[in-house]
Amino acid sequence: MSENKRASFGGKLSVILVSAGSAIGLGAIWRFPYIAGKHGGAAFLVVFLLSVLAVGIPAMLAEFAVGRKTRKNAVGAFRSLSKYWSWLGYSGVICAMLISGYYYIIAGWSLEYLVNSADGSMFASSLTFKEQFEAFQGSYRPLFYCIAFILLTHFIVSRGVEKGIEKASRIMMPALFVILVLMAVRVAFMPNAVEGYRFFLSCDFAEAFKPETIMMAMGQAFFSLSVGMGCMVTYASYFKNNNNLLSTSFNVSILTILVSLLAGLVIFPAVFSAGLQPTEGPAIVFVTLPEIFSGMPLAAVWSAIFFVLVVLASLTSTISFHEVITAYLSEEFKLSRKVSAAITSALSILLCTMTFFSLFGVDFFTLFDYLSANIIMPLGALLTCILVIWFMKKNFMKEQLTNNGSVNKYIAPVVVFMLKYVTPLLIFYIFIKNFI
Ligand code: PHE
């Protein structure tokens, strides 16, 4: 595609909604509440907030700058900055594939739960919710729903950047906020909800400032903000030149934190109100919540509303890592978007099937998750920071952050300082610690 024919997102709001769509997903709604529950409640939120500020936002800005400056897919973008750095783009594409290999599976679970809530079968079954979840896991249905989710994503991405991704995000993100607020209000009226607030908002600072917790918080910041794997590079390649990168990254981060917080405010009061413990971990959404819904009037309706929320949030994220691969294939191999999207979807189906069958006795689910969130994303973010500061011309970041001197004149040097010293050192420290 030639430079001037390249697609771009519409106005400021579109850019924020699309990027926040990538960021807000299972990370905020499913992963955050149970990690926060285990690691100090509100104190974890404080550490998470600090991580977003110290590493998440600067790393996102570095990616935005790379993407918007080059206007290319992840591989093309890094290559056009320096031919020795294109591997950083490849690592992003590979990471997107690894994430595809397990993310669609969990997204598929939520699709199944949405269907089973809507048709009432979930609440009519004689099995307990735990048994239902196990029976579901033991069957082929997860694979079926996972493929359905990939096809849903495929449908949006193959329609293109503007008519597909942008349009879908503009509809789905506001819907997601409305549903989340509605759920939070509904839950507040449940008996004993106060216990949940007390638990979630009680600060255990001793727990939260343990090195292990800080590590978890940073990992959560990378995963949740979709940084370190070329996703924000790809999206920023569709930003307009006058887009204010700093305010976009702030808005995206604030929305992500807000949704994480709201998700906690839905889940914990509900859990306590039902007299359950928040120790279910990952199963909290698929076992504990249905249990709670079943005790409410209009159980199926509330349950369906909740799983619509999870499906929407996941979908705006799956389209973003699908796009990383699709844009790479289409631009690097000069394929049409339809063909590139089809190849990407076929690859995703293959990877998910592998995960599903745990081929060769390897637990791909855990492996893919570990490799992407704990290794590739932190390393990718670290190296992107190093590239934009130490290997680009001196004013590269400053020009991008200030749109050539017209905005953010005072704050840009602060970000550059962070990118130069604070962010890389912090990531490096955590990365090394993680290994030891
Ligand atoms: N940020 C997404 C979430 O929290 C996951 C994601 C990671 C999406 C990397 C795109 C790229 O669910």
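Which residues form a nonpolar patch on the surface, and about how much accessible area do they have together?

Modeller: Happy to, and please keep in mind that this is a predicted model. The nonpolar patch on the surface is formed by V46, L50, L53, F205, F209, F250, I254, I411 and V414, and together they have about 750 Å² of accessible area. Two helices, α3 (42-70) and α14 (245-273), each supply at least two residues of the patch. The largest share, 3 residues, comes from α3. I254, for its part, is placed in helix α14.

The structure holds 30 aromatic pairs. Y90 and Y328 make one of them, in an edge-to-face arrangement with 6.0 Å centre to centre and 80° between the planes. Since Y90 belongs to helix α5 (residues 86-118) and Y328 to helix α16 (residues 299-332), this pair ties together parts that are 238 residues apart in sequence. Y113 lies in helix α5 and F133 in helix α7 (residues 129-137), so here the parts tied together are 20 residues apart in sequence. Y113 is buried, with a relative accessible area of 5%, and F133 is buried as well, with 12%.

The charged end of R31 sits over the ring of F223, 5.3 Å from its centre. Likewise, the charged end of K420 is placed over the ring of W390, at 5.8 Å from the ring centre.

Next come the salt bridges, of which the structure holds 6. In one of them, E331 is joined to R6, and the closest N and O atoms are 2.5 Å apart. E331 lies in helix α16 and R6 in the segment before α1 (12-23), so this bridge ties together parts that are 325 residues apart in sequence. Both E331 and R6 are buried. Helix α16 also holds E332, while R79 lies in helix α4 (residues 74-81), so their pair links parts that are 253 residues apart in sequence. The closest N and O atoms of the R79 and E332 salt bridge are 2.8 Å apart. R79 is partly exposed, with a relative accessible area of 34%, and E332 counts as partly exposed too, at 24%. A further salt bridge joins K393 and E399, with 3.6 Å between the closest N and O atoms. K393 counts as exposed at 52% relative accessibility, while E399 is partly exposed at 26%.

Finally, a word on the backbone. Most residues other than glycine have a negative phi. N192 has a positive phi, near 70°, and is found in the loop between α9 (161-188) and α10 (193-201). S226 likewise has a positive phi, near 55°, and lies in the loop between α12 (211-225) and α13 (231-236). N192 counts as partly exposed, at 48% relative accessibility, but S226 is buried, at 8%.

Notes
Residues numbered from 1 in each chain as written. Predicted model: local features only at pLDDT ≥ 70, side-chain atom pairs only at ≥ 80, totals over all residues. Heavy atoms only, no water. Helix = DSSP H or I, 4+ residues; strand = E, 2+ residues; numbered from the N terminus. Buried < 20%, exposed > 50% of the residue type's maximum accessible area, 1.4 Å probe, protein only. Phe/Tyr/Trp six-rings, centres within 6.5 Å; stacked < 30°, edge-to-face > 60°. Lys NZ or Arg CZ within 6 Å of the ring centre and 35° of its normal. Patch = residues over 30% accessible without salt bridge, like charges linked within 9 Å, V, L, I, M, F, W, Y side chains within 5 Å. Areas by Shrake-Rupley, 256 points an atom, 1.4 Å probe, with all protein chains shown as cover. Salt bridge = Lys/Arg side-chain N within 4 Å of Asp/Glu carboxyl O.
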